[in-house]
Amino acid sequence: MDDLLARELGAQETPCVRVLNKCDRFVDSHGAPELLPHGEGIVRVSAKTGEGMDDLLALLRSLLDTGTRQVTLSVPYDQGGVLDLLYREAKVESVEYADTIRVSAVCTPKVLGRVRRYCDPPLPEAKEPWEG
């Protein structure tokens, strides 16, 4: 991000990713790839061929890690409100009705704190960063 624009937006510390599309089109008159901008926070992609998309996704994942986790939950039927919570505040990937309600979901740390007791297998107890 342009330094002046970042300052105006109050985003000096916000990570910035520069995505350069049409990288498949940058060739010189002999068909050799031209030297393209490169470096930290710069990803070259081609929306047409898909080139560079894996690099872009990997970079975004590294910048946006919010502590979400995919978990499997075994929720008793008398705790069906937990399923409602998951549909509202998590990404429910699958639900199976058997002896319990088996839910596969991607949960934020906040939601995980509320449903941890239903995790199957159980998750280790979370510690604060300062607890070591």
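The legends below describe close-up views of a predicted model. Local features are taken at pLDDT of at least 70 and side-chain atom pairs only at pLDDT 80 or more, while totals for chains, interfaces and linings use all residues. Residues are numbered from 1 along each chain as its sequence is written, and side-chain values use heavy atoms, with hydrogens and water left out.

Strand E5 covers residues 101–107. Helices (H or I, at least four residues) and strands (E, at least two) are DSSP runs, numbered from the N terminus. Two strands count as paired if DSSP finds at least two bridges between them. E5 pairs with strand E3 (residues 69–75) in the antiparallel sense, over seven bridges. Strand E4 (residues 91–97) also runs antiparallel to E5, and six bridges join these two strands.

**View B. Burial of strand E5.**
How many of the seven residues of strand E5 are buried? Five are, so the strand is largely enclosed by the rest of the structure. Buried means under 20% relative accessible area, exposed means over 50%, and partly exposed lies in between (1.4 Å probe, protein chains only).

A salt bridge is a side-chain nitrogen of Lys or Arg within 4 Å of a carboxyl oxygen of Asp or Glu. Side chains of opposite charge can pair when their charged atoms come close. The structure holds five salt bridges, one of them between Asp84 and Arg88, at 3.2 Å from N to O. Asp84 and Arg88 are separated by about one helical turn because they lie four residues apart in helix H3 (residues 81–89). Arg88 also meets Glu89 in a salt bridge, with an N to O distance of 4.0 Å. Arg88 is exposed, at 53% relative accessibility. Asp84, at 44%, is partly exposed, and Glu89 is partly exposed with a relative accessible area of 29%.

Lys91 and Glu93 form a salt bridge in which the closest N and O atoms are 3.9 Å apart. Lys91 counts as exposed at 53% relative accessibility, whereas Glu93 counts as partly exposed at 39%.

**View E. Asp54 in helix H2.**
Asp54 sits in helix H2, which covers residues 53–64. Is Asp54 buried or exposed? With a relative accessibility of 65%, Asp54 counts as exposed. From C-alpha to C-alpha, Asp54 and Val43 are 10.0 Å apart in space, and they are 11 residues apart in sequence.

Lys22 is found in the loop between strand E1 (18–20) and strand E2 (42–44). Its phi is positive, about 65°, although Lys22 is not a glycine. Pro121 is found in the segment after helix H4 (109–115). The peptide bond joining Asp120 and Pro121 is cis, with omega of about 10°.
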